[in-house]
Amino acid sequence: MLQNVLLEREVYSSEEHKMTQKMIQDFIKNEIMDHTEEWEKNGMVSREIWERAGELGLLCIDMPEEYGGSGLDFSFSALFIEELAKEGVSGPGFSLHSDVIAPYLLKYGTEAQKQKYLPKMASGKMITSLGMTEPNCGSDLQAITTNAVDKGDYYLVNGQKTFITNGYMSDMSIVAVKTNTGTEKEGVSLLIMESDSEGFEKGIPFKKIGMKAQDTCELFYDDVKVPKENLLGEEGSGFKIMMKELARERLIVALNAIGGAEGAIEKTIEYTSTRTAFKQPIAGFQNTQFKLADCATQLQLHQAFLDRCTLLLSDHKLTAESASMAKYSATEMHSKVVDECLQLFGGYGYMWDYPIARMYADNRVARIYAGTNEIMKVLIARGLFKELFQQMKATKK
């Protein structure tokens, strides 16, 4: 019903996109939805679903075929992100693995690192996580305290990370550490750390408000020896790398938001068309019509912007400011849409058995992770006043 009023999206209009979409929808329907309650109870998904996604070519979609990827452009990854979000599938951390961590390795890794890790990642036989956030610093990545001491042919790592998606299931993690602490060369570096390393421990998965099937935990490092060949990029370049790649991560969050909003609206249209009150369908009331008309309008506007951002990312032209705008605005819109939709479900909307309840609980964190929405506004403002800030900085000198 919703598609009757939305413009066709050119970014997904090719026959290959449509065939991929059908395959993704079948995968979600036949191999994911029936396992939701079990995964929520376990606090994590199964390894089998990761391997099945790998078999279907749904992991590392835009990675070159020589490393096991599908060799497609980012729009196919975006399509997968949105289709999962439409059905409220938040358990499998596929997009972090495929669309954040794999590009880190592809862009900054040595050939040996790429050959060792990327094919396993594409197959789903290796699950990965990203160790950035620490208990005492959230969005301020320069304030991390996890320390890596140079011991000649290896680094000795001590510290802790928290709120790590895929953390408990991960076989490998890219970890942000401080190197050369207390010297002029002090900086943030990235290390590839395998989970079976001695001294690498995982905390018990957190019990969260939402995303209950997504394993999120703390990671602990107690004198972990990491070989020098596991340094990703140059020593001290970690912060620059993370800042460069955050635009892609924020677009992923935004894509998840518009997919989730679309799914919420569709489910609410279906529910209000069949549920009756005062001898007529709830959809017959003008309030329902106006609320959903507003939601659909906001969705359409954000789809158009996100489609443009997707094409820009595929051409390596997406700016940090545009990605921040996308993340900030889309997640705010998603929260409002899901709240309005839950209200139209009445009391049933508050029941966990109804997908809208899960969507309501799951979406809240999107305004926090990948940089809070307050940080997004700071980044946008920096772009707006870039010349002024440069002048102020020069004057202080």
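A residue counts as buried under 20% relative accessible area, as exposed over 50%, and as partly exposed in between. Keep those cut-offs in mind for this tour of a predicted model.

**Stop 1: the aromatic pairs**

A search of the whole structure finds nine aromatic pairs. Start with Trp-50 and Phe-94. Now colour the helices. Trp-50 belongs to helix α3 (residues 47–55), and Phe-94 to helix α5 (residues 94–108). The two residues are 44 residues apart, so this pair links distant parts of the chain.

Next, select Phe-163 and Phe-206. This aromatic pair is tilted, at 5.8 Å centre to centre and 50° between the planes. Phe-163 is in strand β3 (residues 154–165). Phe-206 is in the loop between β6 (200–202) and β7 (216–227). Here too the pair links distant parts of the chain, 43 residues apart.

Keep the surface on. Is Phe-163 buried or exposed? Phe-163 has a relative accessible area of 57%, so it is exposed. Phe-206 has a relative accessible area of 29%. That value lies between 20% and 50%, so Phe-206 is partly exposed.

**Stop 2: a ring cluster**

Select Tyr-271, Phe-345, Tyr-348 and Tyr-354 together. Ring pairs link these four residues into a cluster.

**Stop 3: lysines over rings**

Go to Trp-352 and show Lys-212. The charged end of Lys-212 sits over the Trp-352 ring, 5.5 Å from its centre. Then move to Tyr-155. Which residue lies over the face of Tyr-155? It is Lys-228, at 5.3 Å from the ring centre.

**Stop 4**

Select residues 187–194, which make up strand β5. Seven of the eight residues in β5 are buried, leaving the strand mostly covered.

Strands β4 and β5 run antiparallel and are joined by eight bridges. For a landmark, pick Lys-178 and look across to β5: Val-188 stands opposite.

How many bridges pair β5 with β8? There are two, and the pairing is again antiparallel. To find the spot, select Leu-191, which stands opposite Leu-231 in β8.

**Last view**

Show β4, β5 and β8 together. Strand β5 pairs with β4 over eight bridges and with β8 over two.

Conventions: Residues are numbered from 1 along each chain as its sequence is written. This is a predicted model: local features need pLDDT of at least 70, side-chain atom pairs count only at pLDDT 80 or more; totals for chains, interfaces and linings use all residues. Side-chain values use heavy atoms; hydrogens and water are left out. Rings of Phe, Tyr and Trp (its six-membered ring) pair if their centres lie within 6.5 Å; planes under 30 degrees apart count as stacked, over 60 as edge-to-face and the rest as tilted. Helices (H or I, at least four residues) and strands (E, at least two) are DSSP runs, numbered from the N terminus. Buried means under 20% relative accessible area, exposed over 50%, partly exposed in between (1.4 Å probe, protein chains only). A charge sits over a ring if NZ of Lys or CZ of Arg is within 6 Å of the ring centre and within 35 degrees of the ring normal. Two strands pair if DSSP finds at least two bridges between them.
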